[in-house]
Amino acid sequence: MNTRGLRSQLKDSVPVTGMGPQVGAYGVQDTLRSGFSSVKNELLPSHALELSEKNFQLNQDKMNFSTLRNIQGLHAPLKLQMEYRAARQIQRLPFLQSSHLALDTLKGNDESISFEDILNDPAQSEMVGEPHIMVEYKLGLM
């Protein structure tokens, strides 16, 4: 196995010692300033394909953009990225789940049935809150 390639892929997931949790005066993590520590974020991938699977969609988009650039020129991927950014900004009120139908249509995901289509029911969502407070927080009034 080529460990050099694996090492270069893992360099983003290896925790940096200087950026770790802040240690307080008593040698314990300062939870109020740095938040709760997550062991999951500090673990290395357990399998070589785990990192590849996490970044599959990003790698797929990069490959599609480079192919599009080679075929149609620089303007085509830039235009498509601007359309993606505009489609991501379209959403419902903060307390309602947004389906991002325009983004799915641009990416071509509207013609396929995936895991999220079946098991991502908004009625079963854990995101419940007071609508007025959530809108005020989104607008920066709180």
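This note goes through a predicted model of one protein chain, point by point.

1. Confidence in the model. The protein chain has an average pLDDT of 78, and 78% of the residues reach a score of at least 70.

2. Overall make-up. The protein chain contains 9 helices and 0 strands, and reading along the sequence gives the pattern α-α-α-α-α-α-α-α-α. Of its 142 residues, 8% count as buried. The accessible surface of the protein chain amounts to about 12,600 Å², and carbon and sulfur atoms account for 56% of that area. If we take the contacts between residues at least 6 apart in sequence, 35% of them join residues at least 24 apart.

3. The aromatic pair. What does a search of the whole structure find in the way of aromatic pairs? The search finds 1 such pair. The partners are F65 and Y84, whose ring centres lie 6.0 Å apart with the ring planes at 50°, and the pair is therefore described as tilted; the angle falls between the cut-offs of 30 degrees for stacked and 60 for edge-to-face. Because F65 belongs to helix α5 and Y84 to helix α6 (residues 75-89), the pair ties together parts that are 19 residues apart in sequence.

4. Are F65 and Y84 buried or exposed? F65 has a relative accessibility of 15% and counts as buried, and Y84, with a value of 9%, counts as buried too. The reason is that a residue is called buried when its relative accessible area is under 20%.

5. The salt bridge. The count of salt bridges comes to 1, and the side chains that meet in it are those of D61 and K107, with a distance of 3.9 Å from N to O. Since D61 lies in helix α5 and K107 in helix α7, this pair ties together parts that are 46 residues apart in sequence. The two partners can also be described by their accessibility: D61 is buried, with a relative accessible area of 16%, whereas K107 is partly exposed at 27%.

6. R69 in helix α5. Helix α5, which spans residues 56-72, also holds R69. This residue is partly exposed, because its relative accessible area is 48% and the label "exposed" is kept for values over 50%. When neighbours within four places in sequence are left aside, R69 is in contact with L74 and P77.

7. A positive phi at H100. In the loop between α6 and α7 (101-107) you will find H100, whose phi is near 50°, a positive value in a residue other than glycine. H100 counts as partly exposed, with a relative accessibility of 28%.

8. A nonpolar patch on the surface. Which residues form the nonpolar patch on the surface? The patch is made up of I113, F115, I118 and L119, which together have about 520 Å² of accessible area. One of these residues, L119, is found in helix α8 (residues 115-119), and L119 is exposed, with a relative accessible area of 55%.

9. Points to check in the picture.

Conventions: Residues are numbered from 1 along each chain as its sequence is written. This is a predicted model: local features need pLDDT of at least 70, side-chain atom pairs count only at pLDDT 80 or more; totals for chains, interfaces and linings use all residues. Side-chain values use heavy atoms; hydrogens and water are left out. Helices (H or I, at least four residues) and strands (E, at least two) are DSSP runs, numbered from the N terminus. Buried means under 20% relative accessible area, exposed over 50%, partly exposed in between (1.4 Å probe, protein chains only). Contact means heavy atoms within 4.5 Å. Patches are made of residues with over 30% relative accessible area and no salt bridge: like charges are joined within 9 Å, nonpolar side chains (Val, Leu, Ile, Met, Phe, Trp, Tyr) within 5 Å. Accessible areas come from the Shrake-Rupley method with a 1.4 Å probe; for residues, only the protein chains shown count as cover. A salt bridge is a side-chain nitrogen of Lys or Arg within 4 Å of a carboxyl oxygen of Asp or Glu. pLDDT is the predictor's confidence in each residue, from 0 to 100. Rings of Phe, Tyr and Trp (its six-membered ring) pair if their centres lie within 6.5 Å; planes under 30 degrees apart count as stacked, over 60 as edge-to-face and the rest as tilted.
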